[in-house]
Every structure is written in structure tokens, then in C-alpha cells.
Amino acid sequence: MGCCNRRCGLLAGAVFGAALAILGGILIPVGDQIIQSTVEKEAVIVPGTTAYENWISSAAFVYRQMWLFDVQNALDVVELGATPIVKERGPYTYKVRYLAKSNITAHNDAVSFLLPNGAIFEPDMSVGSEDDLVTTLNLAVAVSLPCLSVLPPLWSTKSSLFQRRSVREILWGYQDPILKDILGVFYPYNGTFDGYYTVNTGQDDISRVAMIERWQGESKLSFWNDTYCDTLNGTGKAESGLLHSPVGRSVSSTFRETQDLWGIEVYRYVLPPSTFASPSINPDNKCFCTEKLVSRNCSMAGVLDVGPCRGGAPVYISLPHFLHGSDYLRQDVLGLNPSEENHFTYLDIEPITGFTLSFAKRLQVNMMYGPSKVISVLKHVKEYTVFPIVWLNETATLDEATADRIKAELFSRINLLENVQMSLIGIGAATFALCLVSYCCVRC
């Protein structure tokens with residue numbers, strides 16, 4: 001009788017162990033569903049969610065480092081037609097994107113907002129002061145080239161191809177004595193707004209959270225006169241603090257590798273070389289080529305003419321030091337040393353929530369000048385030149401305290417659930433095996 005009871009107990013133990021293991025297995029898909037539901041609940045951009053609070057005003061400040069290109073042989077360029085030689089000066093660092101979004105308006109599954117622009121100089125993160133002097137291209141000469149027919153008085157003066165001005169003036173504006181107007185690479189900036197943006201809240205489709213639906217009230221751009229190039233297909237995650245492109249076009253990214261950020265696994269995405277490739281390499285870029293002369297019949301790689309979205313000014317955007325650009329761009333201007341490590345743009349995304357936890361947006365602002373029989377300072381210039389003015393590294397990254405909070409509030413629950421799942425499967429399987437072996441021994 002005792003042996004029978006022992007066998008029945010061992011059978012019951014084996015059944016119980018199998019049940020525990022099955023329960024642990026069932027919890028895997030169920031647990032994944034619970035995790036997905038929790039993430040979606042907190043990731044949508046609606047009041048009361050974690051995503052909404054970070055979206056309005058990110059806890060991580062965005063810093064913009066600037067390196068200006070100081071011309072070393074200005075006189076030789078003007079008088080002898082020599083190739084310009086530049087030297088990088090910087091960084092000069094500013095805190096930007098520190099102001100909360102304003103004019104927030106919710107409608108259906110989207111929300112519209114304005115993004116205030118502001119820049120505060122950070123001397124402790126800079127190599128010098130904003131009063132440092134740099135020799136750079138005369139912006140008045142560059143912006144006036146497309147308007148020679150209406151600005152002949154400009155060239156009766158002793159205007160120079162290059163000018164020596166302070167960092168503050170070059171970046172944020174100065175009163176030009178010739179044009180009688182304020183010129184600056186980023187002028188106007190402080191006190192202005194970027195937007196209106198309209199982004200998807202993710203309520204109806206979490207995969208579309210923070211996707212840009214409209215800009216300035218329009219569902220497409222109007223700069224390029226082409227359906228493909230004018231398409232809005234970007235994400236507003238980086239600009240909301242959790243990459244929008246400042247160059248008047250949408251950009252794509254490709255996965256490169258996984259990274260560890262304060263113990264959180266993130267997926268790193270980068271801009272592919274095809275972004276600024278010539279139309280002969282990437283036919284999709286054909287509609288971004290709006291003129292034939294400077295672009296050498298649209299064969300020039302590495303730069304994007306953004307004049308159509310900058311009021312016709314000869315402004316060209318590139319990766320810093322013409323990274324992934326044509327070799328002749330670096331022959332037109334000497335002193336450029338592109339580095340993949342220092343000059344590429346990336347985006348670090350946490351795969352479960354889809355939040356951008358770190359990014360570096362690295363772009364270079366260039367302007368164009370070329371030969372002219374009308375402008376005396378350009379009579380020795382032989383070729384149209386895309387000249388580098390400044391390159392910027394705009395970055396933000398999750399701080400350790402916020403990372404710990406995310407790990408405590410989200411990943412600790414996920415880890416706990418996974419531990420319960422594995423424990424149930426392990427204990428159940430062990431119990432089942434032990435009881436089954438013991439039952440067989442008793443039977444023997």
C-alpha cells in the first residue's frame with residue numbers, strides 16, 4: 001500500500017512539474033503581449049503618458065557644437081586665384097532645444113506644435129569666446145551672386161571676397177555695410193519658431209508615433225517641384241527629445257549596430273552614403289539637383305543645394321568636411337580632413353519603446369562663389385566653389401539618472417516577468433524529470 005501511495009505521489013509530482021513548465025511556456029507569448037500593451041500605453045503622445053511628458057520638454061538638453069573654417073590665404077585667393085586653405089576653429093558650443101514646445105493643439109490622432117528656437121553660449125564647453133575673430137567668406141558677396149542684375153551698386157565698392165568677423169557675428173548676424181541688412185549663417189534664430197509641425201500621436205497605430213504628418217499645415221513640401229522629393233516621410237522623435245532634417249528634405253537611415261547606453265541596449269542607425277550621392281549613383285536624388293552649372297551637370301556628390309528652401313540663397317548642405325563627397329570638392333578647398341568617426345550622423349533607438357535615447361546630427365553649411373566679370377574680387381576666381389563656412393555637431397544623450405529610472409520603471413518589470421517565466425519552466429521541468437525518474441525507480 002505504501003509503495004502504491006509513493007508511486008501515485010510521484011506521478012502527481014510529475015504532472016504538477018509538467019503543468020508548471022507548460023504555464024511558464026504559456027506566459028512567454030502572454031507576457032510579451034502584456035509588455036507590448038504596457039509599452040504602447042506609455043509610448044503614445046497623449047497627456048498622462050511618459051512619452052508625452054518627455055515630448056513636451058525633454059530632460060536632456062541638446063548641445064550644438066560649431067567649428068568654423070578660418071581662411072589662411074585670403075589674399076592669394078583674391079589676387080592670384082590660389083586654392084583656398086582653411087583651418088578648423090572650434091568647438092564653440094551652444095545649448096539649444098531647451099525650451100518646451102508651445103501652441104500645442106490636439107486633433108484626432110495627431111498633435112500640432114511650435115518648436116521655439118534658442119541658443120545659449122556655453123563658454124566652459126568652448127575653445128574660446130564668441131568674440132574670437134575668424135576669416136571667412138563674405139556672406140554679402142555670396143548671397144548677391146544670384147542678384148547681380150539688380151545689385152550693380154554693390155560692386156562699385158571695395159567689398160572683399162573674404163571678411164574677418166567674430167564668431168558671434170558670423171553665426172548669429174551682423175549689420176552688413178553694403179547690403180544694409182543683417183546677415184548671419186543662422187540669422188534669425190533666437191525668438192523664432194520651427195514649425196508648425198503636426199505629428200502622429202500613435203493612438204491608432206503605435207508604429208506611426210511621432211511621424212511627421214504635416215509641416216506648416218501642408219502634407220508635402222513645395223521646394224523641389226517633384227512628388228518624391230517633396231514627400232514628408234520623416235520622424236520627429238529626435239527633435240522632440242526622445243531627427244528631423246533642417247535642410248528642407250526628408251532623409252532616411254540604415255541600421256549599423258547595437259550599442260550599450262547606461263546598461264540599455266539601443267540600435268544605432270546612420271545616414272547612408274546614398275543620402276548625398278550624385279544622381280548617377282542614386283537616381284532618387286535627381287530631383288534635388290536644381291541647377292547644372294555649380295553641380296557640374298548634376299554629377300557633384302556630397303552636397304545638397306538648399307537654395308530652393310532658403311529663398312534662393314546659394315546655400316549648400318553637406319556632411320562635415322564633405323564626408324562621402326567627391327574628391328574634387330576637397331581639391332577646391334584644402335585643409336579638409338573627413339573622419340567617419342567624428343563626422344557621421346547617428347540615431348540610437350531603444351527597440352522596445354522606439355524612443356530615441358541618443359543622437360548626433362552632424363551637418364556642414366557651405367556657400368558658393370564663382371568667377372565673375374562684374375565683381376572685381378572674383379575676376380581671378382577660376383571655378384565655382386562650394387566653400388565651407390561652419391560644421392555643427394548637434395547632440396543629446398540620455399543621462400545616467402534617467403536611464404536608471406527607465407530601467408526601474410520598464411525593464412525591471414520586463415526582467416521580473418522573464419525571470420518568472422524561466423523559473424516556472426526550470427522548476428517545472430526539474431520537478432517533472434525528478435518525479436518521473438523516481439517513479440520509474442520505485443516501479444523497478
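**Close-up views of a predicted model**

**View 1. Lining of the largest cavity.** Strand β14 (residues 303-305) gives the most to the lining of the largest cavity, with 3 residues. Strands are DSSP runs (E, at least two residues), numbered from the N terminus. This is a predicted model, where local features need pLDDT of at least 70, side-chain atom pairs count only at pLDDT 80 or more, and totals for linings use all residues. Residues are numbered from 1 along each chain, and side-chain values use heavy atoms, without hydrogens and water. The cavity volume is about 180 Å³. Of its 18 lining residues, F288, C289, M300, V303 and L304 are the closest to the centre. The lining has 10 nonpolar, 5 polar and 3 charged residues. (Cavity: points on a 1 Å grid where a 1.4 Å probe fits but cannot get out; lining residues have an atom within 4 Å of a point.)

View 2. S358 sits in strand β17 (residues 356-369). S358 counts as buried because its relative accessibility is 4% (buried: under 20%, 1.4 Å probe, protein chains only). Its side chain makes a polar contact of 3.4 Å with that of T397 (N or O atoms within 3.5 Å, one able to donate a hydrogen and the other to accept it). Beyond neighbours within four places in sequence, S358 also has contacts that include L261, Y346 and D348 (heavy atoms within 4.5 Å).

**View 3. Strand β1 and its partners.** In β1 (residues 62-71), 8 of the 10 residues are buried, so the strand is largely enclosed by the rest of the structure. β1 pairs with β2 (residues 86-96) in the antiparallel sense over 9 bridges (pairing needs at least two DSSP bridges). D70 has K87 as its bridge partner in β2. β1 also pairs antiparallel with β18 (residues 385-397), over 6 bridges. There, M66 stands opposite L392.

How values were computed: 1 Å grid on protein atoms, 1.4 Å probe; cavity = no way out; pocket = protein on both sides within 12 Å on 5 of 7 lines; lining within 4 Å. Points joined across faces, edges and corners; volume = space filled by probe spheres on them. Helix = DSSP H or I, 4+ residues; strand = E, 2+ residues; numbered from the N terminus. Nonpolar A, V, L, I, M, F, W, Y, C, P; charged D, E, K, R; others polar. Buried < 20%, exposed > 50% of the residue type's maximum accessible area, 1.4 Å probe, protein only.
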